Structure formats: structure tokens, C-alpha cells
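Hi everyone, thanks for coming. Please have the sequence and the structure open while I talk, and stop me whenever a word is new.

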Amino acid sequence: MENNKPEQSYKRNLRPVDVWALALGAIIGWGCFVLPGDEFLPKAGPLGSAIGLVLGGVLVAIISFSYEYMVRKFPVSGGEFIYAKTSFGRTNAFICGWFLVLAYWSLVPLNATALAMISRYLFPGIIQVGYLYEVAGFEVYLGEILVASFFLILFAIINIKGVKSAGWMQTAVALTLVGTIVLITALILGLGVDWSNAEPLFAPERKWYGCIFAIVALAPWAYIGFDCIPQAAEEYNFSHKKTRSIMLSAILMAAFFYVCITLVTAVGIKPWQLLLDDKPFWATGLVVQVRLGKIGLFILGVAMFCAVVSGINAFFISTSRLMHAMAKEKALPAVFGELHSKYRTPVTAILFVLLLSLIAPWFGRKVLSWVVDMTSVGGAIGFFYTCASAILVSYKNKDYGHTVLAVIGTAVSVWFMSLLLVPGMPGFLYPEAFVCLGIWILLGIIFYITIYPKYINNKKS
């Protein structure tokens, strides 16, 4: 890797709580508050959703053991890209990095446009001004674009100023997110609910195991974010041995919060099937509004806002660090490998992520969602390369317990990919997502051919 002159190194300002907040904030997005009524309950019912979410979290936690092991062995930014390069060479590293850049970047503008969606639910008509056009059935408003752009620029500035300020902000927002979810759950359950509303426990049109695996198929998407932790490995001010507990607590806490919001939605005001049959604009929001009134809806709005802005910040950090690591290995133009002279942050990479993110909202959230549907593929590819690399490294170092865990993690990663790419499987991608995936693969092939002579012969290690 690049020599570690002070002006070429990151500042080590991230505390353990900052890294935990980075992971949790990346995992818990606004989908935690919308998917219970849109995806979880319709596909699996209350118990099927709960089991599927917990099982998915456990499988991802098994994968996280390989991440923790590799972070200790390679405590540098770049994560999966570096692991793949070390174990499988530069071509495999490029494939891994290429998909992860898209997976991480796409979640930045998606979270930004979610701010507009929150306003549509909570404050209809406030920023839905300046109607421009409609894309794939989604109306695009200038007011919403401006709000999304404001927050994108704000978090770009925060990230350029340094990871210390970004870390403090991430921690404050993540702790607020935790507090608001716990408060909403405690208030609704504490006021008393009719537990018979949870019946039937599984979606009637599926076998019980089909319900569970339909939710497990969403795990790469639901829990993507814990893998942000390795991207900032050079910025820890603590021992990398703490990574395991940080990752596990973030994943398992996220699973708990997913279950909490789904449970509240299922039992809150009426039998969950009747609630969904009434086609509420937003099932979880309706339950909170009926049970807790405007104050409850405000608390929910705060929780969603925290989930969204923490996601923007986390994926700004992750994408820019990954691009910086790839540039140092000549997998991307050298300009992305430059650090700010004062703040020692990857300023060019941050500005590039900002530029692409500012363009994205003009295409509408529906088109962007097609791209984001591919994040599960990118995440699963990252999981695969990390676990497969951990097999080789742990076996070489005679850490056979880690080898066993890495083998299991590799198998789970392949299974996740099959759920997304094999026809008939529960998580099979929409046709539009496959088109986006094909375009990205084609662009990757063209770019790789262009950089091949310099990249493949790069002897830096």
C-alpha cells in the first residue's frame, strides 16, 4: 500500500461508538419504517417476518466474523477490494470494487430522496412544489430536488471537514434513532394491544417456510451497511480487535428494530390483514397516528429523519474511502486517491459522489430504486469475496476456527446471490434492475479494458 507519510494518511479520529453508529445508521434506513406494510407482512405475516428478519441477521452476523478477521489482518481502508486483491488478484479485486462502488453510492441519493418521501407522508404539499415531469409513474418536483440537494451538499461538506465531525454527527443521530424507535415501541405496546391482531401468523398464500425465506432473501439489502466498518479501518483510534463486538451489536440491534416496527404495525390497531386490505398510504404511519396522535407521528418522523441522514453520511464515508483505496491501486484515476491537504479526507472522491448524487434525483425515485435493487447483488458479491479471502488467509495462518466460519459465510453469500439471480427464487430481481445490472457490467468491462495495462502491472503492495 501507499507509504504512510502524515500528509498521505487519514486522521485516526473514529471512536468505537462512532464506528458502531456508522454501521447501525447505514443498516437502518427509511425502509425499516415502510417495508413492514409494503413487503414484510404481505409476504410473510408477523411471525414469518420476525423469524425471517432474525434468521437473516444471524446469517449476516456469521458473515461478519470473516469481516472482523480480515479487518484485523488488513487494517486499511478499502475493505473487500483489498481483501480480494490480496487473495485473488487484481482482476477479482476490480470486479468486487466495481460492484461495491455502485452499491454504496446509490444509497446516498436514495436516502436523500427519501427525505422528500417523508415529507409526502408527514407534511403533504409542503415541498411538493414546482412540478416538473413524471418518470415511471413517479412525479418529480423541483422543491423535493432542492431539499435532497441541500442535504447532499451539507453532508459532503461535513465529510470533507473530516471524519471526526462526521463521526460525532453520526453518533448523535444514531443514538436519537435508537431512542425514538424504542420510545414508539414501548408506548404502543405499553398502552395495550390486541395480540389476536397478529393472526394469521404467516401469510396465508405461502407455506410457513416460504414466508420465512421470502424475508431472508432481503437480508443482503436489509443489513448492508455493517460492511461500511472496514472502509474506515485506517481511521480508528482504538484496537481493531473491538471490531467483532461492534459489528455484531450493530447487526443484531438492527434486526431487533426491524422486528419491533413490524410487530407494532401488525398488532397496533386491527388485524394486520384488514389493515393492509384497506390499502393505507403508509401502514406504520397510520398505526402510530391512530395510537399516539400527532406527537407519535412527530416522533416517528424524527426516527425516519435520523435513519435517512445517518444513511447519507455513512455511505458518503464508505464510498469515498473505497474509491480512494481503488485509486491508490490504479483501479480508478489517481485523482481519487488524493487527500485534502488540511483535513486529510478523500476530497475528490467525496465531490464525485456528491456530483453523481445531485444528478440522480432528477431521474425520479422510481428509476433510482431500480439501481438500488442491485445493491443486494453488490453486497452479496462483497460478502463472497471477504469470506472466500478469509478462508485462504485463516487456513494459511492455521486459524482453523475462522476457516470453518468463513466457509459457512461463503456458502451463505452464494445462497444470497442465488436468491437474487435465479428465476423463481423469492428475491429474484425485477427486469428493470437486470437492465441496470447489465449496463453496469458493460461499463465495467469497457473501463477495465481501458485501465488494464496500468492497473494489472501495478507493482505497489
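Predicted model: local features only at pLDDT ≥ 70, side-chain atom pairs only at ≥ 80, totals over all residues.

Let's begin with a definition: helices (H or I, at least four residues) and strands (E, at least two) are DSSP runs, numbered from the N terminus.

Residues are numbered from 1 along each chain as its sequence is written, and side-chain values use heavy atoms, with hydrogens and water left out.

Back to the patch. Its members are Leu132, Tyr133, Leu142, Leu146, Phe352, Leu355, Leu356, Ile359, Trp362 and Phe363, and together they have about 860 Å² of accessible area. Strand E1 (131–135), helix H5 (142–161) and helix H12 (347–359) are the elements that give two or more residues to it. Patches are made of residues with over 30% relative accessible area and no salt bridge, where like charges are joined within 9 Å and nonpolar side chains (Val, Leu, Ile, Met, Phe, Trp, Tyr) within 5 Å. A salt bridge is a side-chain nitrogen of Lys or Arg within 4 Å of a carboxyl oxygen of Asp or Glu. The areas come from the Shrake-Rupley method with a 1.4 Å probe, and for residues only the protein chains shown count as cover.

Take Leu356, which lies in H12. Its relative accessibility is 32%, so Leu356 counts as partly exposed. Buried means under 20% relative accessible area, exposed over 50%, and partly exposed in between (1.4 Å probe, protein chains only).

Now for a helix with another setting. Is H1 largely enclosed or open? Of its 12 residues, 10 are buried, so H1 is largely enclosed by the rest of the structure. H1 covers residues 16–27 and reaches 17 Å from its first C-alpha to its last, close to the expected 16 Å. That expected span is 1.5 Å times one less than the number of residues. The buried residues of H1 pack against helix H6 (163–190), helix H8 (219–222), helix H9 (243–267) and helix H11 (283–328).

Thr171 has a relative accessible area of 7%, so it is buried. Leaving out residues up to four places away in sequence, Thr171 touches Arg15, Val17, Asp18 and Ala21, where contact means heavy atoms within 4.5 Å. Thr171 and Ala21 are 150 residues apart in sequence, yet 5.1 Å apart in space, C-alpha to C-alpha.

Last, the aromatic rings. How many aromatic pairs does a search of the whole structure find? There are 27. Rings of Phe, Tyr and Trp (its six-membered ring) pair if their centres lie within 6.5 Å; planes under 30 degrees apart count as stacked, over 60 as edge-to-face and the rest as tilted. Phe150 and Phe151 have ring centres 5.2 Å apart and planes at 85°, so that pair is edge-to-face. Phe213 and Trp415 are edge-to-face too, at 5.7 Å centre to centre and 90° between the planes. This pair links distant parts of the chain, with Phe213 in helix H7 (residues 208–216) and Trp415 in helix H15, 202 residues apart. One aromatic cluster is formed by Phe94, Trp98, Trp440, Phe447, Tyr448, Tyr452 and Tyr455.
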